[in-house]
Amino acid sequence: AESEPNDDHPAPAPEALLLRLEGDAVRLKGVARLDLRGAGLVALPAALALCAQLEHLDVGGNRLLRSLDLPDLPRLRILFATGCALGPRLAPVGMLSRMISLRMLSIK
């Protein structure tokens, strides 16, 4: 049975889990949904490039200092980046124009 997180052993942050899996490219390749909301990110983890099956990504509530610099994620259909103040920094050409599978984008 899994133990509940407590003050002595807090649950790892989503980014930490992703970084731990980075060495296991086979497992990352199969990730279809990833929630990094409010994980304290200032940049997206490089390990995202290994998530070839990723369809749903939520990076909302992070203080991303750079523009949304996503690797090539050909299956990405849903992207939530609310609360990241990215709207003015997202060019209509570039990364967004390469995301041909993207059906839902939220950047408010």
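Predicted model: local features only at pLDDT ≥ 70, side-chain atom pairs only at ≥ 80, totals over all residues.
Trainee: Why is Cys51 called buried?

Mentor: Its relative accessible area is 0%. Buried means under 20%. Cys51 therefore counts as buried.

Trainee: And what makes Cys84 buried?

Mentor: Cys84 has 4% relative accessibility. The cut-off is under 20%, so Cys84 is buried.

Trainee: Now His56. Where is His56 placed?

Mentor: His56 lies in strand E2, which covers residues 56-58.

Trainee: How do you know whether His56 is buried or exposed?

Mentor: Set the value against the cut-offs. Buried is under 20%, exposed is over 50%. His56 has a relative accessible area of 12%, so His56 is buried.

Trainee: Which residues does His56 touch, leaving out those up to four places away in sequence?

Mentor: His56 touches Ala32, Arg33 and Leu34, along with Leu76, Ile78 and Phe80. A contact here means heavy atoms within 4.5 Å.

Trainee: How many cavities of 30 Å³ or more does the structure hold?

Mentor: There is 1. The largest cavity has a volume of about 60 Å³.

Trainee: What makes this space a cavity, not a pocket?

Mentor: A 1.4 Å probe fits in a cavity but cannot get out, whereas a pocket is open.

Trainee: Which residues line the largest cavity?

Mentor: The lining is Leu70, Pro71, Asp72, Leu73, Pro74, Met95, Arg98 and Met99. By class, 6 are nonpolar, 2 are charged and none is polar. Asp and Arg count as charged.

Definitions and conventions
Residues numbered from 1 in each chain as written. Heavy atoms only, no water. 1 Å grid on protein atoms, 1.4 Å probe; cavity = no way out; pocket = protein on both sides within 12 Å on 5 of 7 lines; lining within 4 Å. Points joined across faces, edges and corners; volume = space filled by probe spheres on them. Buried < 20%, exposed > 50% of the residue type's maximum accessible area, 1.4 Å probe, protein only. Helix = DSSP H or I, 4+ residues; strand = E, 2+ residues; numbered from the N terminus.
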